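Please look over the sequence and the structure shown here. A short report follows, arranged by topic.

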Amino acid sequence: MAGKRSGSSTSGGGSRSKRTSSCSFCGKNQRDAGPMVEGPRDVYICKACVELCHNIIRQEMRKSATGHALFGAVMKPREVKEFLDSYVIGQEDAKRAVSVAVYNHYRRLEHVDQADKGDVELDKSNVLIVGPTGAGKTLLARTLSRMLNVPFAIGDATTLTEAGYVGEDVENVLLRLLQNADYDLESAQRGIIYVDEIDKVGRTTQNVSITRDVSGEGVQQALLKMLEGTVSNIPPQGGRKHPEQQCIQMDTTNILFICGGTFVGLTDIIKRRIGQSAIGFANEAAPHDSAAAEAELLAQVTPEDLVEYGMIPELVGRLPLISTLGPLDVSILVRILTEPTNALVKQYQKMFEYEGCELEFTDDALNYIAEHALERDTGARALRAVIEEFMLEIMFELPDRKKTGRYVVTEAVVRGEESLFAAKSRRRESA
């Protein structure tokens, strides 16, 4: 074996050696770096440098396999949207906007190194997605991450604070991107970052305060240069930066940022701007009936509305493409239950298939689930909660049943008025 683990050195009659081993690569001594691998002629390497060398070799092997290409074939906007359609139901405008933004990002990266000095410079168009909770903002981002040939990272703005305060620095979002790129800096500098809950860092008041808003406006200020393009210092292991720490410098000029937020109360701001009153008998209709009206209002959002909400003008200016997601209605929720590749109905059907059975949902049952989920006002997230409530007892009993065949979930089963196993026999007789 060429190397061996270096622990506490001993010499002579078992006395501890005064000489302390240090890593031949980074120079850290054994007290700071921990156990080391010892090579010939007093050569040592620490754990951190071993991992770094492993990543470097893996990057070189990947580049050799792909012909030094930073990414594969460029997907057309229609192809991106078709992939999104298999997971995200509805929200056509948002899917089109994201598809075009991703395609333009690919095209820009293809020619960024080939452009001459006299050529037109292509600026990136960061995207802001506005929509109610459960409408599919995060799902849209996670679906993109499955298909893209560039590194993709998702960060949560609610955990970020201004540098120097308790919480995560803004640079930690870039660290996630670098980690997802296997510490390939060149590839990470051409990736895509999705910042979720961006509305939670809005200013809580328009009045000037003597205290610092470290988790609101302070985060927005820290995001400004990153979104536009700057060289950020990233601690390799995450956490807080300190003067003696060696940081990785990452250029964000070619990183596409997609930000998403719920922006609760934004429709009221839009109403005031266009002259609609939020008071009166006309606005006392059920919230489900006004879903289309709310979607129409959100589609009229302007940068000025976002500034009034609490976003600073400089940040809004760096998110030129604003796309909105409309609230969901019963018909959309039924489609979400049945159509996507990972639809909840398909998941339960697959679990029943593992038990040698078939599962079917009637249209009345699906409509009741959708209506019940809509009442919870949490969007598509409520669908799983509603289904889990009545399927829990069914999944508990199913493995003990020796009967095989088709089980039909009716509205009575969902309401708890009838057992699924009793409904099965009657369904077969009527068939």
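Which backbone nitrogen lies 3.3 Å from a polar atom of the side chain of Asp 199?

## Asp 199 and its surroundings

The backbone nitrogen in question belongs to Thr 262. This is a predicted model, and the distance of 3.3 Å is computed from it. Asp 199 sits in the loop that runs between strand S8 (192-196) and helix H8 (217-228).

Leaving aside residues up to four places away in sequence, Asp 199 touches Gly 261, Thr 262, Phe 263, Val 264 and Tyr 309. The relative accessible area of Asp 199 is 6%, so the residue counts as buried, the cut-off being under 20%.

## Loop residues with positive phi

Asp 42 is not a glycine, yet its phi is positive, at about 55 degrees. The residue belongs to the loop between strand S4 (36-39) and strand S5 (43-46). Is Asp 42 buried or exposed? Its relative accessibility is 52%, and Asp 42 counts as exposed because the cut-off is over 50%.

Gln 91 is not a glycine either, and has a positive phi of about 50 degrees. Its place is in the loop between helix H3 (77-85) and helix H4 (92-112). Gln 91 is buried, with a relative accessible area of 14%.

## Helix H6

Helix H6 covers residues 171-180 and is mostly covered, as 7 of its 10 residues are buried. Which residues of H6 are buried? They are Glu 171, Asn 172, Val 173, Leu 174, Leu 175, Leu 177 and Leu 178. Just after H6 comes Asp 182, which takes a positive phi of about 55 degrees.

## Salt bridges

How many salt bridges does the structure hold? The number is 17. Side chains of opposite charge can pair when their charged atoms come close.

One of the salt bridges joins the side chains of Asp 85 and Lys 81, at 3.1 Å from N to O. Both residues lie in helix H3, 4 residues apart, which is about one turn of the helix. An α-helix has 3.6 residues a turn, so residues three or four places apart point the same way. Asp 85 is partly exposed, with a relative accessible area of 29%, whereas Lys 81 counts as buried at 14% relative accessibility.

Lys 200 is partly exposed at a relative accessible area of 44%, and Glu 197 is partly exposed at 22%.

A salt bridge of 3.1 Å, N to O, is formed by the side chains of Glu 339 and Arg 335. Glu 339 counts as partly exposed at 40% relative accessibility, and Arg 335 counts as partly exposed at 33%.

Note on methods: Residues numbered from 1 in each chain as written. Predicted model: local features only at pLDDT ≥ 70, side-chain atom pairs only at ≥ 80, totals over all residues. Heavy atoms only, no water. Helix = DSSP H or I, 4+ residues; strand = E, 2+ residues; numbered from the N terminus. Buried < 20%, exposed > 50% of the residue type's maximum accessible area, 1.4 Å probe, protein only. Polar contact = N/O pair within 3.5 Å; in protein donor to acceptor, adjacent residues only side chain to side chain. Contact = heavy atoms within 4.5 Å. Salt bridge = Lys/Arg side-chain N within 4 Å of Asp/Glu carboxyl O.
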